[in-house]
Amino acid sequence: MTHEKQHPILLDYVRQYPLPHGVRFTYGTAGFRSEGSILASTVFRAGILAALRSLKTGSTVGLMLTASHNPISDNGVKIADPDGGMMIQQWEPFADALVNAPDPEHLLQVSALFHCTLLVIQFVKEENIPFGGGQSANILLGRDTRPSGDALLEAAKQGINSVVGAFAIDMGILTTPQLHWMVRNINKGTRSSESDYMEQLAKSFRCLVDLAPDNTMESKLVVDGANGVGGEKLQQLKKILSGLDICVRNTGKEGEGLLNEGCGADYVQKEKAIPSSFGLDDVGMKCASLDGDGDRLVYFIPSASSNNVDLVDGDKILTLFALFIKEQLDFLCNEQGFDNKEAVSLGVVQTAYANGASTAYLKKLGLEVVLAPTGVKYLHKEAATFDVGIYFEANGHGTILFSEKFLSHLQARSDELSSTASGSESHKSGLRLLEVSRLINQAVGDALSGLLLVEAVLQYKGWSIKAWNELYQDLPSRQLKAKVADRNAVVTANAETKVVKPPGLQELIDEETAKYPCGRCFVRPSGTEDVVRVYAEASTQEAADSLAQSAVQLVDRFLGFAGSHQKA
Ligand code: NG1
Ligand code: ZN
């Protein structure tokens, strides 16, 4: 197929998806997101983008339709690269250009930049995309349970079909991490169906529990499914799980409520309130909450006072995992014959939103803590530089990455020990680490696999949720949103902890912060909402609230107030 044949096909499709007026889309922290009703052209063009990405890499890529924890009327689209991670950042400017190109002719120019414009010639040269040369592209499509997903799925398919040689494979309703997992496995040539995913999770969870000491534990877990896809999939997983008593609420069934409304991980984390369908009967129980697309997980304990919860957030999940992994590595490395400890690098990655108490605790354990900008694509990249890299956002999005080198080392060691020292603590530790790498999603943060690992580690430690929660006490914090005329006027550095633009703002934030014991405060433009986010931490809740409020006022002063201030 030549470019000459491709152009009319593309043009014909493009005309069916006119751009909405006056909107500019940006491939933000988690792809393109907006009101679902105005996203058809964006999703259509994201289909083209995915097809090009597949052509370029010669591998299968993924396209996921979701707006995660956002309200049910929103939707979004993001691309998964062949390794199951987020699309490489170098393609984001092209993604923005393609999605915002104002008319069919212009769009063609951008698309067909592959041979027309100087810019495109440069892009194609740099990227070396085999476009129009008979190659085929495969794109796995997934969507969450949002009502706008049906029509948007069609738009994505049309976008893919408009690129000659590209094929869309509809995987149905999935959690975001399931789709990323499938893409990764397909490209690795390993089993990649949804039932393979479920079986792998159930099997490695069982193995981990079998490798744990015989501790008695509170086995009952009540899960808030956010009325989304995560709850639905957990119900499915439950059928083949043994060793865990799970009760799922907010599954999205008729009458159970709306997606993310008064429920879900984002609600529980930000509001520190019990989700709908939970009440006084649950006080003191071990509870967990998933977000709308099943990639975030937080735990909580409903407390007796009003609607509050004791929040066990992503930082605490990270801490639990770090303790467990460190212990296994110590067992492993103490054993003669295994390379010394320095040979296995263990690192943890957080963002500036991590509670200061968690960072202090992790450092006290002797762990290397790296700070990355908000957005899992940044955390993931940092974590991948370690043999074992654990990353989590405070909101519950994260996973544990194992390097191929370390895994093959572990496998070889385990094979060797199985004849001589099977049953030794060192052998078991190696097996545990191998099972963790099979259980926990290596592509992206995954609430379902994260939940099973939390449960396996609690079982191993013999800990109640209360004991886990008491590892350290969070510093009081407050998140606020400032509505400003142009959020992108705020430019940050040092993993978003310092404002470099507008000049002068950081100095005033610093001055304000210095007034509060244990004060810490930063501001950054959101990647998913049209706001500047403000975070403050201090020794008391009143102080954290007041510091956050002062920072909002400073942002307003520098950027111009454009609406009411809301809680995060
Ligand atoms: P933005 O809107 O860029 O703050 C939010 C979350 C991120 C991440 C993305 C993607 C906070 C403060 N920010 O990003 O951590 O999860 O959404 O969903 O929670
Ligand atoms: Zn999500």
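Student: How many helices and strands does the chain have?
Tutor: The chain has 19 helices and 20 strands, and please keep in mind that this is a predicted model.

Student: And what share of the residues count as buried?
Tutor: Of the 568 residues in the chain, 58% count as buried. As for contacts between residues with a separation of 6 or more, 71% of them come from residues 24 or more positions apart.

Student: Switching topic, where does UniProt put the "active site" feature?
Tutor: The UniProt record, which is an unreviewed entry, places that feature at Ser68, a residue found in the loop between β2 (61-65) and β3 (74-80).

Student: Is Ser68 buried or exposed?
Tutor: Ser68 counts as buried, because its relative accessibility is 4% and the cut-off for buried is under 20%.

Student: Which residues does Ser68 touch, leaving out those up to four places away in sequence?
Tutor: Ser68 touches Arg33, Asp144, Arg146, Asn260, Asp291, Gly292, Asp293 and Asp295. With one of these, Asp291, the Ser68 side chain makes a side-chain to side-chain polar contact of 2.8 Å.

Student: Now helices: how do α2 and α6 cross?
Tutor: The axes of α2 (residues 40-57) and α6 (residues 149-161) come within 6 Å and cross at roughly 40°, and the crossing is right-handed.

Student: Which residues make that contact?
Tutor: On α2 they are Ala40, Val43, Phe44, Gly47 and Ile48, while α6 contributes Leu152, Ala155, Ala156, Gln158, Gly159 and Ile160.

Student: How many of them are nonpolar, polar or charged?
Tutor: The residues of the contact of α2 with α6 comprise eight nonpolar and three polar ones, with no charged residue.

How values were computed. Residues are numbered from 1 along each chain as its sequence is written. Chains are lettered from A and ligands numbered from 1 in the order in which they are written. This is a predicted model: local features need pLDDT of at least 70, side-chain atom pairs count only at pLDDT 80 or more; totals for chains, interfaces and linings use all residues. Side-chain values use heavy atoms; hydrogens and water are left out. Axes are lines fitted to C-alpha atoms, for helices over the stretch in contact, and angles run from 0 to 180 degrees between N-to-C directions. Helices (H or I, at least four residues) and strands (E, at least two) are DSSP runs, numbered from the N terminus. A crossing is left-handed if the near helix is turned anticlockwise from the far one by less than a right angle, and right-handed if clockwise. Contact means heavy atoms within 4.5 Å. Ala, Val, Leu, Ile, Met, Phe, Trp, Tyr, Cys and Pro count as nonpolar, Asp, Glu, Lys and Arg as charged, and the others, Gly among them, as polar. UniProt positions are given in the numbering used here, feature names are shortened, and annotations may be inferred rather than shown by experiment. Buried means under 20% relative accessible area, exposed over 50%, partly exposed in between (1.4 Å probe, protein chains only). A polar contact is a pair of N or O atoms within 3.5 Å; within protein, one must be able to donate a hydrogen and the other to accept it, and residues adjacent in sequence count only if both atoms are side-chain atoms.
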